[in-house]
Amino acid sequence: MRLPDVSQDLFTTPLRTPLPKRLQAQLLHQHSLVVCEDADLTDAEKVYAECGQQCPLSWEECILPHRMKRCVKIGEGTFGEVFSTTNAAGETVALKVIPLEGSEKVNGEDQKTFGEILPEIIISKELSHLKEKQQNQTHGFIGLNDLHCVQGCYPPEFLKAWDAFDQRKGSENDRPGTDFFEKDQLFIILEFEFGGVDLENSNGTLASFVVAKSVLHQVTAALAVAEQELHFEHRDLHWGNVLVKATREKTGTFLLDGEAHSMETKGVLVRIIDYSLSRLEIDDLTISCDISNDEELFMGQGDYQFEIYRLMRQENGNKWSSYHPRTNVLWLHYLCSKLLSMKYKSSGGRGGKNAREELARFYDDVLQYSSATDALQNCPMFW
Ligand SMILES: Nc1ncnc2c1ncn2[C@@H]1O[C@H](COP(=O)(O)OP(=O)(O)OP(=O)(O)O)[C@@H](O)[C@H]1O
Ligand SMILES: [Mg+2]
């Protein structure tokens with residue numbers, strides 16, 4: 001018997017619930033203290049409200065069998081597995097699947113609680129909504145299509161896709177099989193637009209330095225727009241968190257303080273992802289991740305990425321709720337170094353040589369700027 005096609009309704013649930021008004025509070029996540037004026041709502045209720053649900057769904061209600069069958073694992077991190085599949089409109093989407101609230105450690109870490117996942121949910125929605133804003137608008141952050149909380153065993157199709165990825169690339173994560181999770185395990189599923197391939201995995205596939213320059217321009221513009229609208233700092237913008245996909249569109253547009261701008265895509269669209277360390281403000285609500293006591297994060301060696309966490313701490317004096325947009329500039333400096341060291345399909349001729357020189361100059365100069373907005377407006381590479 002075929003299951004009724006309930007996904008149509010599920011995938012068209014309005015994204016913004018009336019919840020944010022009820023979240024007039026200071027949220028500090030990860031090492032998580034959630035102080036909320038509206039003490040009558042539990043963290044679980046807030047997450048369900050964001051999902052437009054009252055209780056968890058079954059996997060089958062959330063992802064129809066024929067879509068399950070099409071899933072391919074495309075990425076992983078400490079907290080999540082990411083699968084691609086198609087949605088009701090036939091578009092490719094990315095499902096980030098995060099186990100929640102269980103007592104078992106996953107990939108060596110405690111599972112996130114409802115309170116700890118809430119900031120990532122709210123930040124993903126806010127940045128996705130920057131596409132529609134009147135004053136500060138950008139498409140540079142990954143679109144969030146939908147969001148669900150499910151309960152039950154990891155679906156066999158996902159496990160098959162997990163095993164295929166493990167054989168293809170090798171996984172660092174625990175296999176999420178029936179022997180690992182209980183039958184009543186909870187998961188959050190964030191359905192994102194498919195953003196392409198992350199920069200770390202696109203080494204050698206970008207056409208030339210001309211494309212690299214556009215990537216940096218698009219990232220800087222997206223950060224600048226989010227700074228202006230939300231006092232946003234990404235705080236973890238390593239090259240696994242910048243996606244690129246091919247486009248036929250020649251130009252990309254954005255609005256900064258009501259003024260329209262365009263930039264050349266050079267055939268690629270950039271999408272920024274992964275907000276687990278990010279910081280922003282919505283009216284009186286500040287969302288930030290207090291990593292002040294996360295010793296390990298500040299001890300990394302061997303790549304400039306790990307230096308950036310220490311430089312951010314110097315910048316903000318280990319106060320992670322306050323706004324220091326220069327952290328975005330630190331990540332731009334890091335990204336520029338990656339783009340300069342990446343392999344490209346071709347030299348790109350004279351244009352490629354010029355773009356390489358401009359990137360090298362950007363690398364030398366960008367640290368003088370106070371924010372991505374400052375860099376966007378004053379760096380000659382973007383004129
Ligand atoms: N929307 C998307 N489109 C295409 N690929 C994606 C998308 N989202 C994630 N990925 C892939 O999955 C990988 C892991 O995703 P992500 O960075 O969101 O999770 P993570 O690193 O586990 O995050 P966390 O820090 O919360 O544990 C990415 O590096 C990327 O390769
Ligand atoms: Mg990541």
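Reader: How do helix 2 and helix 5 run, roughly parallel or roughly antiparallel to each other?

Author: Roughly parallel. Keep in mind that this is a predicted model. The axes of helix 2 (residues 43-51) and helix 5 (residues 114-128) cross at roughly 30 degrees, and angles under 35 degrees count as roughly parallel, so that label applies to helix 2 and helix 5. Their axes come within 9 Å.

Reader: Is that crossing left-handed or right-handed? And which residues make the contact?

Author: Helix 2 and helix 5 cross in a left-handed way. On the helix 2 side the contact uses Asp43, Ala44, Lys46, Val47, Tyr48 and Glu50. Helix 5 brings Phe114, Gly115, Ile117, Leu118, Ile121, Ile122 and Lys125.

Reader: Ok, now helix 8 and helix 9. At what angle do they cross?

Author: Roughly 165 degrees, for helix 8 (residues 304-316) against helix 9 (residues 326-341), with the axes coming within 10 Å. Angles over 145 degrees count as roughly antiparallel, so helix 8 is roughly antiparallel to helix 9. The contact includes Tyr304, Ile308 and Met312 from helix 8, and Leu330, Trp331 and Tyr334 from helix 9. As for handedness, helix 8 passes helix 9 in a right-handed crossing.

Reader: Switching topic: what coordinates the magnesium ion?

Author: Asn241 through OD1 and Asp274 through OD, at 2.1 to 2.3 Å from the magnesium ion (ligand 2). Those two are 33 residues apart and link distant parts of the chain. Asparagine 241 sits in the loop between helix 7 (209-230) and strand 9 (242-246), while aspartate 274 is in the loop between strand 12 (268-272) and strand 13 (280-282).

Reader: You mentioned helix 7. What does valine 225 touch there?

Author: Valine 225 is in helix 7 and counts as buried at 0% relative accessibility. Leaving out residues up to four places away in sequence, valine 225 touches Asn136, Gln137, Thr138, Phe254, Leu255 and Leu256. The C-alpha atom of valine 225 also lies 9.0 Å from that of glutamine 135, although the two residues are 90 apart along the chain.

Reader: Cysteines next. How many disulfides are there?

Author: There are 0. For cysteine 62, the nearest cysteine sulfur belongs to cysteine 51, 9.1 Å away. Cysteine 62 is buried at 2% relative accessibility, whereas cysteine 153 counts as partly exposed at 31%.

Reader: Last one, backbone geometry. Where is histidine 231, and what about its phi?

Author: Histidine 231 is in the loop between helix 7 and strand 9, and its phi is positive, about 50 degrees, although the residue is not a glycine. Histidine 231 counts as partly exposed at 32% relative accessibility. Aspartate 283 has a positive phi near 50 degrees; aspartate 283 lies in the loop between strand 13 and strand 14 (285-289) and counts as exposed at 68%.

Technical notes
Residues are numbered from 1 along each chain as its sequence is written. Chains are lettered from A and ligands numbered from 1 in the order in which they are written. This is a predicted model: local features need pLDDT of at least 70, side-chain atom pairs count only at pLDDT 80 or more; totals for chains, interfaces and linings use all residues. Side-chain values use heavy atoms; hydrogens and water are left out. Donors are N, O and S atoms within 2.8 Å of the metal (3.2 Å for Na, K and Ca); water is not among the atoms, so sites may look incomplete. Helices (H or I, at least four residues) and strands (E, at least two) are DSSP runs, numbered from the N terminus. A disulfide is a pair of cysteine sulfur atoms within 2.5 Å. Buried means under 20% relative accessible area, exposed over 50%, partly exposed in between (1.4 Å probe, protein chains only). Axes are lines fitted to C-alpha atoms, for helices over the stretch in contact, and angles run from 0 to 180 degrees between N-to-C directions. Angles under 35 degrees count as roughly parallel, over 145 as roughly antiparallel, 65 to 115 as roughly perpendicular and the rest as oblique. A crossing is left-handed if the near helix is turned anticlockwise from the far one by less than a right angle, and right-handed if clockwise. Contact means heavy atoms within 4.5 Å.
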